[in-house]
Amino acid sequence: TNRGEVFNVMNTIVDIVKIFIVEHPKIMTYEFNGIPKEGEPENKDSKRSNLYKRYLPKIFNISEWDFRFEGNSALVNKKMKF
């Protein structure tokens, strides 16, 4: 993306993933990896990981999904209904 376009791109990704979730309702887990850019330290959250932390709640309803962040990975699991 070019400077200033990241938010437009992320909003488009939010819409695409929401459509995917509707079309594939049996998927229970999603994983997102914020691979550090060149020059970013591997032992700290990358800019991409921070962006995922900000946007994942816009994609997944927090009452239906659990989030777990480990390093530069985010796991999103559907909550079990009993």
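Author: Contact here means heavy atoms within 4.5 Å. With that rule, residues 24 or more positions apart account for 52% of the contacts in the protein with a separation of 6 or more. The model is a predicted one, and its secondary structure comes to two helices and three strands, which follow the pattern α-β-α-β-β when read along the sequence. The C-alpha trace spans about 45 × 25 × 15 Å along its principal axes, and 24% of the 82 residues count as buried.

Reader: What makes Lys53 and Asp45 a salt bridge?

Author: A salt bridge requires a side-chain nitrogen of Lys or Arg within 4 Å of a carboxyl oxygen of Asp or Glu. For the side chains of Lys53 and Asp45 the N to O distance is 2.6 Å, and therefore the pair meets the 4 Å rule.

Reader: Why are Lys53 and Asp45 called partly exposed?

Author: The class lies between the limits of 20% for buried and 50% for exposed. Lys53 has a relative accessible area of 31% and Asp45 has 35%, so both values fall in between and both residues are partly exposed.

Reader: How many salt bridges does the rule give in total?

Author: The count comes to three. One of them joins Glu70 and Arg68, whose side chains meet at 2.8 Å, N to O; Glu70 is partly exposed at 48% relative accessibility, and Arg68 is partly exposed at 43%. Another joins Lys79 and Asp66, with the closest N and O atoms 3.9 Å apart. That pair links distant parts of the chain, since Lys79 is in the segment after strand 3 and Asp66 is in strand 2 (residues 65–70), 13 residues apart.

Reader: Why is the pair of Phe20 and Tyr30 called edge-to-face?

Author: A search of the whole structure finds eight aromatic pairs, and Phe20 and Tyr30 form one with 6.4 Å centre to centre and 75 degrees between the planes. Ring centres must lie within 6.5 Å to pair, and planes over 60 degrees apart count as edge-to-face; both conditions hold for 6.4 Å and 75 degrees, and therefore the pair is edge-to-face. Phe20 lies in helix 1 and Tyr30 in strand 1, so the pair ties together parts that are ten residues apart in sequence. Both residues also belong to one aromatic cluster, which includes Phe32, Tyr52 and Trp65.

Reader: Are Phe20 and Tyr30 buried or exposed, or something in between?

Author: Phe20, at 36% relative accessibility, counts as partly exposed. Tyr30 has a relative accessible area of 10%, which is under the 20% limit, so Tyr30 is buried.

Reader: Which residues touch the most other members of the largest nonpolar core?

Author: Of its 14 residues, those are Ile21, Tyr30, Phe32, Leu56, Ile59, Phe60 and Val76. Helix 1 (6–23), strand 1 (29–33), helix 2 (47–59) and strand 3 (73–78) each supply at least two residues of this core. Leaving aside residues up to four places away in sequence, Ile59 touches Val14, Val17, Lys18 and Ile21.

Reader: What makes the span of helix 2 close to the expected one?

Author: Helix 2 has 13 residues and reaches 19 Å from its first C-alpha to its last, against the 18 Å expected at 1.5 Å a residue. The buried residues of helix 2 are Ser49, Leu51, Tyr55, Leu56 and Ile59, and their cover includes helix 1, strand 1, strand 2 and strand 3.

Reader: Why is Lys18 called partly exposed?

Author: Lys18, found in helix 1, has a relative accessible area of 38%, which lies between 20% and 50%, and so Lys18 is partly exposed. Lys18 touches Lys58 and Ile59, not counting residues up to four places away in sequence.

Methods: Residues numbered from 1 in each chain as written. Predicted model: local features only at pLDDT ≥ 70, side-chain atom pairs only at ≥ 80, totals over all residues. Heavy atoms only, no water. Core = buried A, V, L, I, M, F, W, Y, C linked by side-chain atoms within 4.5 Å. Buried < 20%, exposed > 50% of the residue type's maximum accessible area, 1.4 Å probe, protein only. Helix = DSSP H or I, 4+ residues; strand = E, 2+ residues; numbered from the N terminus. Expected span 1.5 Å × (residues − 1). Phe/Tyr/Trp six-rings, centres within 6.5 Å; stacked < 30°, edge-to-face > 60°.
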